[in-house]
Amino acid sequence: MLLKIHEYQARDVFSRYGLPVPPAKVATTPEEAEAIAKEIGKPVVVKAQVLVGGRGKAGGVKLAKDAAEAKQRAKDIFALKIKELPVEKVIVAEAVDIKTEYYIGITIDRDRRMVVLIASPAGGVDIEEVAEKTPEKIAKVWVDPLKGVDQYAIREALFKAGFDPAFVPKIAAIHAKLYDIFMDFDCCLVEINPLVITTSNELKAIDAKINFDDNGLFKHPELKAWREGDETDPIEKEAHKRGVSSYVRLPGGNVGIIGNGAGLVMATMDEVKRAGGNPSDFLDVGGSATSDVVKNALEVVTLDEGVKGILINIFAGIARCDVIAEGLLKATQSMDIRVPIVIRMQGTNADKGKQILAGTKMIPVDTLPEGAAKIVSLITKGGAA
Ligand code: GDP
Ligand code: MN
């Protein structure tokens, strides 16, 4: 899954790589914002720290000429909801006088299966819109993983796209640093929008965005800590600590959902809903449903006290139902599960899997609708399996 970090965290990474990021600090109250602005002693910008884009348009980015105004702007911003998200933190950063706003970023081109550097002289705005309406204003340079970034190719692309030639070598060097970040942290996206030229002709990165692939999270304890520090739901926190990284809690649900494959899990949630139940989570155990993985998944799901039953949906292609059944058996033997478990298993060695589970408390079914109906009826009857 995609893992996002906040702008202030991404700025921290950028600074460490020597990118020109104006000084900034995090505040959780208007008073703190005021104190930071006082310390900076210059005009500042107060910015909502929420994990969505378009904060500027939503009123989440405000300039302030002094500390008193920074306090007021922070107060306004804390009162906002940006795309449904409450604002719990803001940053107060030294403001810059902008002459030009550029876009530079790096992502993965899935069609070419390569990392691609993207740049546009039309920065500050939604880059997807630029790509759609004025594609000539977007430069792309694909990176050969063995050669790394080719400075000459970037410079040529920047010239062609209409960047100010005087700044092209410096911007190309910034792009190379973004590539280092991209590779070092297993990113999906690294972006500066906008990268600005100030009225005193300096380059500054005034926004910072980094998205990661959480499959690489185990390699980066720092990112893991950031993610955990941001979590507010205690069960999600526990799940991610145990390596059940895909778990998403849906508060108020009564049916725990476990499956292998994101699409399958979503279909399972839909079917439970249709049968009159309420999914309590999204949990994809992925391809390797070993007994440890299954045990952790079951334990995490049942941490939610609203859960009155569990529906497990396994489609075994490369995985094997008998291996998964053994995993389930081993996991449940050492656990005290007080709610009924219905399991739909299909695919490789499904019959063997069902044999293994025969005589246990787990109830095997053949189809998903059958499984959803079964778990919902067991819950509404209020009886244990
Ligand atoms: P986003 O809307 O979530 O992408 O937030 P940004 O950090 O990109 O800020 C949105 C816009 O606010 C930028 O494109 C700038 O036009 C403006 N902005 C942000 N920081 C400053 C600043 O220090 N000075 C000035 N003059 N404008 C700023
Ligand atoms: Mn931005």
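Colleague: How many residues surround ligand 1?

Modeller: This is a predicted model, in which local features need pLDDT of at least 70 and side-chain atom pairs pLDDT 80 or more, while totals for chains, interfaces and linings use all residues. Residues are numbered from 1 along each chain as written, chains are lettered from A and ligands numbered from 1 in written order, and side-chain values use heavy atoms, without hydrogens and water. Counting a residue as near if one of its heavy atoms lies within 4 Å, the closest are Lys 47, Arg 55, Gly 56, Val 96 and Glu 101. The number of residues surrounding ligand 1 is 16.

Colleague: At what distance from an oxygen atom of ligand 1 does a polar side-chain atom of Lys 47 lie?

Modeller: A polar contact here is a pair of N or O atoms within 3.5 Å. A backbone N or O atom of Gly 56 lies 2.8 Å from a ligand 1 oxygen, and a polar side-chain atom of Arg 55 lies 2.7 Å from one. For Lys 47, the distance is 2.5 Å.

Colleague: Which residue is the bridge partner of Lys 47 in E7?

Modeller: Strands are DSSP runs of E, at least two residues long, numbered from the N terminus, and two strands pair if DSSP finds at least two bridges between them. Strand E3 (residues 44–48) runs antiparallel to strand E7 (residues 90–94), joined by five bridges. In E7, the partner of Lys 47 is Ile 91.

Colleague: What is the strand order of the open sheet?

Modeller: The sheet has four strands with antiparallel pairing. Its edge strands, each pairing on one side only, are E2 (24–27) and E4 (61–64). The order is E2-E7-E3-E4.

Definitions and conventions:
A polar contact is a pair of N or O atoms within 3.5 Å; within protein, one must be able to donate a hydrogen and the other to accept it, and residues adjacent in sequence count only if both atoms are side-chain atoms.
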